[in-house]
Amino acid sequence: MAQAAARRHPLFSGPFKLAKTTLSNVMVKALVSAEDVSASPVQAHAARLLPAAQILKPQGPGPFPVVLQMHGCGGCKPFQRTYAESLAEAGVAAVVIDSFAPRGISTVQAYATVCTGLQLWGAQRAADLFALYAWVRAQPWADPSRILAAGWSHGGWTVMDALALPRDRLAAATGLADLPAEPLEGLAGAFLVYPYCGAASLTARHGWRFTPKTTAIVAGRDSVVGARRPLVVLEGIQSRGGDMDVRLFPEATHAFDEPGAKDVRMSFSPERAAQTRALLIELALSTQNTKPQDLRPQDLGPQDLRP
């Protein structure tokens, strides 16, 4: 029944191949039960996420630049660790956030419900980014002026919605009642790879509260989230003064950087994958927060970003 509804949902087209889940329900329950109920909502949410996160750091005490990685709707795939390992080898720490295991969402459920928009939209999942951003800023090995958020597909949607949510809707959307006025204050950069920018995305309607230095990659043959709409939305930010570097890979498909993707619409490109890793490393090593440029929501209205 859920799969039938998924095929009808307008956010993403077509059924996905289903893969085996990576964590048992017993493990997921253990992660959730370990949460400190006496902590603040932001702290408690971070504690819930951390047991499933992968944290890779370079040798030495730091402090290091840090990239927070948000996976796509299919879950935390092995290629996310490939990015993290490349970052660590280059002197950048990486925190690979698994948004599904702590919520008990299996891979099968993710494809049937998250990829189709039936649960966990970008604005709700922004809670994960807010909580672990607050956590990593307090770590002695992290340079708080050099933290970036990176997202792939649904993770890109999440990063964008985290920047686009109006301040008066932050708590309601994420369920985190104790968020500061700007939960991403000091964010140095954003890295977006084939991000979803469709009707459910908030950027076209609200703009971003501020724009950190951003690199965005759009796949020209992307039949999952498309290419035209992301280009319109991202170039809209760029045209209004946002520090946005938009790269179009004309021949690339969705998930071009995922080896062995089990979907006929996706084709792995080792050259583009290597180029994307290099761009992420370049952004992480060259970016330091000073004061992100404000983009007022009214400067990026839907009348300027219609498809």
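**Sheet and helices of a predicted model**

The protein chain holds eleven helices and seven strands, where helices (H or I, at least four residues) and strands (E, at least two) are DSSP runs numbered from the N terminus. This is a predicted model: local features need pLDDT of at least 70, side-chain atom pairs count only at pLDDT 80 or more, and totals for chains, interfaces and linings use all residues. Residues are numbered from 1 along each chain as its sequence is written, and side-chain values use heavy atoms, leaving out hydrogens and water.

Visitor: In what order do the seven strands form the open sheet?
Guide: Two strands pair if DSSP finds at least two bridges between them. The pairing here is mixed. Edge strands S1 (54-56) and S7 (244-249) each pair on one side only. The order is S1-S3-S2-S4-S5-S6-S7.

Visitor: Which residue in S6 is the bridge partner of Ala-190?
Guide: Strand S5 (residues 189-193) and strand S6 (residues 213-219) run parallel, joined by five bridges. In S6, the partner of Ala-190 is Thr-214.

Visitor: What angle does helix H7 make with S4?
Guide: Helix H7 (residues 154-164) packs on the sheet, touching strand S2 (64-70), strand S4 (142-152) and S5. Contact means heavy atoms within 4.5 Å. Axes are lines fitted to C-alpha atoms, for helices over the stretch in contact, and angles run from 0 to 180 degrees between N-to-C directions. The angle with S4 is about 130 degrees.

Visitor: What percentage of the 307 residues is buried?
Guide: Buried means under 20% relative accessible area, with a 1.4 Å probe and protein chains only. For the protein chain, the buried share is 57%.

Terms used. Buried means under 20% relative accessible area, exposed over 50%, partly exposed in between (1.4 Å probe, protein chains only).
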